[in-house]
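Open your viewer and get ready to click along. Each stop tells you what to select and what to look for there.

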Amino acid sequence: MSELILQNLTISYQQDNAEPNIIYKNFSKRFVPGIYTLMGESGCGKTTLMRTIAGIKEHDTGRILLDGKPVKSANPDIYMLHQHYADFPWCNVLKNVLMAYKARKIKITAKEKHEAMQILKLVGLQEHAKKKTGEFNSEISGGQSQRLSFAVGLALKPKVWLLDEPTSALDSQNMRNIANILKDYQRDNQAIVIAITHDINFAGELNSEKIYLDERNRIKEEKRA
């Protein structure tokens, strides 16, 4: 069973010679397999916390442990899904999913290609497998890009999912489908899923444990939906 521990984390931003702006101070939380929704005021630092867990942003003090091992940089066992998917613009939809196998150091054979197509089918993108991606010449929509990011995560098979407004471009039907896929993945893989969302319907579909942060980014309340 996976375990993610945030231990006495202090996270800050500093510009030039100004005093550091402390976002979190001595923040601690233990996550076990399950689905969690992080709640707090806009701009309070929820995304900063996720970026720190993902190893994208450095923290000042404290430790992040995944299954007892320190997380100090990007880790294939931790997948962060951003509001805007940062795809590989030189790859089509299918090749973006196949990049996840390369990240896992798995040789791509017919088996992996078949599995990737099954994943695209799961998120409703199988008919778009050969379409271009990228900011300037994309042949898929914003909602399809978000579903592609879920497909990449499914192929990567992480222990921890970090979701930052993951359904902002999805219609209600695709939102419910993605929520069900996440719940099935979490159950089948005993994964840890942490989401930031302002979509009340998505939060309800996840049936997550809600973590409420106060104005100082301390845990104010935790409760099951």
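Helices (H or I, at least four residues) and strands (E, at least two) are DSSP runs, numbered from the N terminus. Residues are numbered from 1 along each chain as its sequence is written. The model is a predicted one, where local features need pLDDT of at least 70 and side-chain atom pairs count only at pLDDT 80 or more, while totals for chains, interfaces and linings use all residues; side-chain values use heavy atoms, with hydrogens and water left out.

**Stop 1: a loop residue**

Select Glu215, placed in the loop between strand 9 (209-213) and strand 10 (219-224). Is Glu215 buried or exposed? Buried means under 20% relative accessible area, exposed over 50%, and partly exposed in between (1.4 Å probe, protein chains only). With a relative accessible area of 66%, Glu215 is exposed.

**Stop 2: a sheet**

Strands of a sheet pair through backbone hydrogen bonds, either parallel or antiparallel. Here, two strands count as paired if DSSP finds at least two bridges between them. Look for an open sheet of 4 strands in the order 2-1-4-5, with antiparallel pairing. At its edges are strand 2 (21-31) and strand 5 (69-70), each pairing on one side only. Select strand 1 (residues 4-13) next: its antiparallel pairing with strand 2 runs over 7 bridges. Click Leu4 and you can find its bridge partner, Phe31, in strand 2.

**Stop 3: the helix on the sheet**

Contact means heavy atoms within 4.5 Å. Select helix 1 (residues 46-53), which packs on the sheet and touches strand 1, strand 2 and strand 4 (61-66). Of its 8 residues, 6 are buried, so helix 1 is largely enclosed by the rest of the structure. Among the buried ones are Leu49, Met50 and Ile53. Just after helix 1, click Gly55, which has a positive phi of about 85°.

**Stop 4: two helices crossing**

Axes are lines fitted to C-alpha atoms, for helices over the stretch in contact, and angles run from 0 to 180 degrees between N-to-C directions. Select helix 2 (residues 93-103) and helix 3 (residues 110-122): their axes come within 10 Å and cross at roughly 120°. Which residues meet here? Val93, Leu94, Val97, Leu98 and Tyr101 are on the helix 2 side, and the helix 3 side includes Ala116, Met117, Ile119 and Leu120.
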